Amino acid sequence: MAEDYFEYRHTVGFEETNLVGNVYYVNYLRWQGRCRELFLYQKAPAVLAEVQDDLKLFTLKVDCEFFAEITAFDELSIRMRLSELGQTQLEFTFDYVKVTGGVEVLVARGRQRIACMRGPNTDTVPSRIPEALARALEPYAVQGRVLTGRAA
């Protein structure tokens, strides 16, 4: 059975920890961005090409709730799901799962709200979410959530 999330695997390095030895909070947000980038690269290359043209993916809101500490050399699975799909905005959820010897522990959960925009930097305007992106995200939609604003 296919998973309902896009996964980014990561091994925590010393440079991602603070003086006490646990992961510095800003890295969780960096991993969200990395997961999103890898999704575009692996699952939606046509959208990545649009980003290199004039599509802009603005991060409007980001958050993360922490449940347990992680340290250097912990193995993580960052799991991205689509929780909302509108006409010009979408929202992802991220589960941060520590994987040790086959045992999985949820250590944090995050969210990220994105707006699609187009145009020059001095005059960007909201833009519909590209169909290629909506299609690429379909397998990762949170079950039981209504995806709004899209034609059936």
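Predicted model: local features only at pLDDT ≥ 70, side-chain atom pairs only at ≥ 80, totals over all residues.
Trainee: Why is Cys35 called buried?

Mentor: Buried means under 20% relative accessible area. Cys35 has 0% relative accessibility, so Cys35 counts as buried.

Trainee: Why does Cys116 count as buried?

Mentor: The reasoning follows the same cut-off, under 20%. The relative accessibility of Cys116 is 1%, and therefore Cys116 is buried.

Trainee: How do you know how many disulfides there are?

Mentor: A disulfide requires a pair of cysteine sulfur atoms within 2.5 Å. By this rule the count is zero. For Cys35, the nearest cysteine sulfur belongs to Cys64 and is 12 Å away, so Cys35 is in no disulfide. For Cys116, the nearest cysteine sulfur is that of Cys35, at 17 Å, so Cys116 is in no disulfide either.

Trainee: Why is Asp74 called buried?

Mentor: The relative accessible area of Asp74 is 12%. Buried means under 20%, and therefore Asp74, at 12%, is buried. Asp74 is placed in the loop between β2 and β3.

Trainee: Which residues is Asp74 in contact with, leaving aside its neighbours within four places in sequence?

Mentor: They are His10, Thr11, Val12 and Lys98. Contact means heavy atoms within 4.5 Å, so each of these residues has a heavy atom within that distance of one in Asp74. As for Lys43, its C-alpha is 26 Å from that of Asp74, and the two residues are 31 apart in sequence.

Trainee: Why is Phe73 called exposed?

Mentor: Exposed means over 50% relative accessible area. Phe73 has 54%, so Phe73 is exposed. Phe73 also lies in the loop between β2 and β3. Its phi is near 75°, a positive value in a residue other than glycine.

Trainee: What makes Asp53 exposed?

Mentor: Its relative accessible area is 63%. The cut-off is over 50%, and therefore Asp53 is exposed. Asp53 belongs to helix α2, residues 45-53. Between the C-alpha atoms of Asp53 and Val97 there are 34 Å, and the two residues are 44 apart in sequence.

Trainee: Which residues line the largest cavity?

Mentor: The lining consists of Arg36, Phe39, Leu40, Leu57, Leu90, Phe92, Ile114 and Leu133. Seven of the lining residues are nonpolar, none is polar and one is charged. Arginine counts as charged, so Arg36 is the charged residue of the lining. Helix α1 (26-43) and strand β4 (89-100) each supply at least two lining residues, and α1 gives the largest share, three.

Trainee: Which residues does Trp31 touch?

Mentor: Not counting residues up to four places away in sequence, Trp31 touches several residues, among them Tyr8, Val23, Leu76, Ile78 and Tyr96.

Conventions:
Residues numbered from 1 in each chain as written. Heavy atoms only, no water. 1 Å grid on protein atoms, 1.4 Å probe; cavity = no way out; pocket = protein on both sides within 12 Å on 5 of 7 lines; lining within 4 Å. Helix = DSSP H or I, 4+ residues; strand = E, 2+ residues; numbered from the N terminus. Buried < 20%, exposed > 50% of the residue type's maximum accessible area, 1.4 Å probe, protein only.
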